[in-house]
Amino acid sequence: MNVLTSITVLGFLIFFHEMGHFLAATLQGIYVDGFSIGFGPSIIKKKFRDITYSLRAFPLGGFVSFPDEELNNIDPKDPNLLKNRPIIQRIIVISAGVFANLILAYTILIINITTVGIPFDPEPGILVLATQPEKAASLSGLKPGDKILKIETSSLGIGDEAVSTLVKEIQNSSDEAISIQIERDGNFKDITLIPENINGKGTIGAQLQPNIKKETKKTKNIFELFKYTNNEFSSLLVKTIQGYKGLITNFSSTAQQLSGPVKIVEIGAQLSQQGGTGILLFAALISINLAVLNSLPLPLLDGGQLVFTLIEGLRGKPVPVKVQMVVTQSSFFLLVGLSVLLIIRDTSQLLIVQRLLNQ
């Protein structure tokens, strides 16, 4: 049931993205002849007012299609063809999906914050959420739920600044012993960490966050609501962009953190166990990720189409079809190859698959 919920959320987010393109085109009077959720063969297909709506076999994407003037007997100079519209109108159509996902994510965060409330101010120290097996944190005896209060003899402070201070110290101390003080079940304990050297930076294999109470409080007024929503939205967006940037600039160390559709569904299923709050958080996170992913300058994505359109605006004529085809095909094989690798990797890491393999 939880897996079905996460797949449904993914489908809704893709639908919302494509609806952004669809509305941006139709509201400007631009011809559209297809609206599809998923790829591959159609499962359900319905034609209404010259537009074919379809649900396809593989719900990992979607598309809005525009008519080919030759196949549809349309005058090539018809002003309502997308290619004949001014550059700015075409940019609006191309960018609408990304903006739709960002608007949806912001709206979801408002709903979630209104329903659940906002956390209290963080308390001193850093909370350990999880540790990775056979990594420095786990080997030293650090456990989820521990509160890290000091590093060496210095207090860490509170909030994101405390996390940043600890992370910097760890990164600068690869293969060197550092002492931390933790609180566990009301007792204080000193632990020695030896960060592992990965690409010149120390890492301990632990998920950390500011020490925040589980309880929440209602927002005092609409100004506090929007202030907190703005901060949360900005933080998620910046971290997502930084994640993709790290993937591009430092692929070797960030590739293992990349998740494919199988892992995304698994995470969504886990979050949905927390009820409506978890589902809303999952939807906001994935919606922002879809927006950032589609902004990348790859031809099969909105960002790539935007680049071609901007180049056309600068040149005064379209990019040659052969050039577009070569770049698009290269992008296609890259994305498909990466998707296949991620699906295989993520599937092999599922608990049920590991149990079968170990039988």
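Helix 9 covers residues 302-315, which makes 14 residues. From its first C-alpha to its last, helix 9 reaches 20 Å, close to the 20 Å expected at 1.5 Å a residue. The model described here is predicted.

Which residues of helix 9 are buried? They are D302, G303, G304, F308, T309 and E312. After helix 9 comes G316, and the phi of G316 is positive, near 85 degrees.

**Aromatic pairs**

A pair of aromatic rings is described by two values, the distance of the centres and the angle of the planes. This structure holds six aromatic pairs. Two of the pairs are set out in the table below.

| Pair | Centre to centre | Angle between planes | Arrangement |
|---|---|---|---|
| F12 and F16 | 5.9 Å | 50 degrees | tilted |
| Y106 and F233 | 5.5 Å | 75 degrees | edge-to-face |

The residues F12 and F16 both belong to helix 1 (residues 2-26). They are four residues apart, about one turn of the helix. An α-helix has 3.6 residues a turn, so residues three or four places apart point the same way. How accessible are the two residues of this pair? F12 has a relative accessible area of 42% and is partly exposed. F16 is also partly exposed, with a value of 28%.

For Y106 and F233, why is the pair called edge-to-face? Their planes stand at 75 degrees, and an angle over 60 counts as edge-to-face. This pair links distant parts of the chain, since Y106 lies in helix 2 (residues 87-116) and F233 in helix 5 (residues 222-249). The two residues are 127 residues apart.

Are Y106 and F233 buried or exposed? Y106 has a relative accessibility of 19% and counts as buried, because buried means under 20% relative accessible area. F233 is buried as well, with a relative accessible area of 14%.

Aromatic residues also form a cluster in this model: F15, F22, F35 and Y53 belong to one aromatic cluster.

Which residues make the nonpolar surface patch? I43, I44 and L55 make it, and its area is about 290 Å². One of these residues, L55, lies in strand 2, which runs over residues 51-65. The relative accessibility of L55 is 37%, so L55 counts as partly exposed.

How values were computed:
Residues are numbered from 1 along each chain as its sequence is written. This is a predicted model: local features need pLDDT of at least 70, side-chain atom pairs count only at pLDDT 80 or more; totals for chains, interfaces and linings use all residues. Side-chain values use heavy atoms; hydrogens and water are left out. Patches are made of residues with over 30% relative accessible area and no salt bridge: like charges are joined within 9 Å, nonpolar side chains (Val, Leu, Ile, Met, Phe, Trp, Tyr) within 5 Å. Accessible areas come from the Shrake-Rupley method with a 1.4 Å probe; for residues, only the protein chains shown count as cover. A salt bridge is a side-chain nitrogen of Lys or Arg within 4 Å of a carboxyl oxygen of Asp or Glu. Buried means under 20% relative accessible area, exposed over 50%, partly exposed in between (1.4 Å probe, protein chains only). The expected span of a helix is 1.5 Å times one less than its number of residues. Rings of Phe, Tyr and Trp (its six-membered ring) pair if their centres lie within 6.5 Å; planes under 30 degrees apart count as stacked, over 60 as edge-to-face and the rest as tilted.
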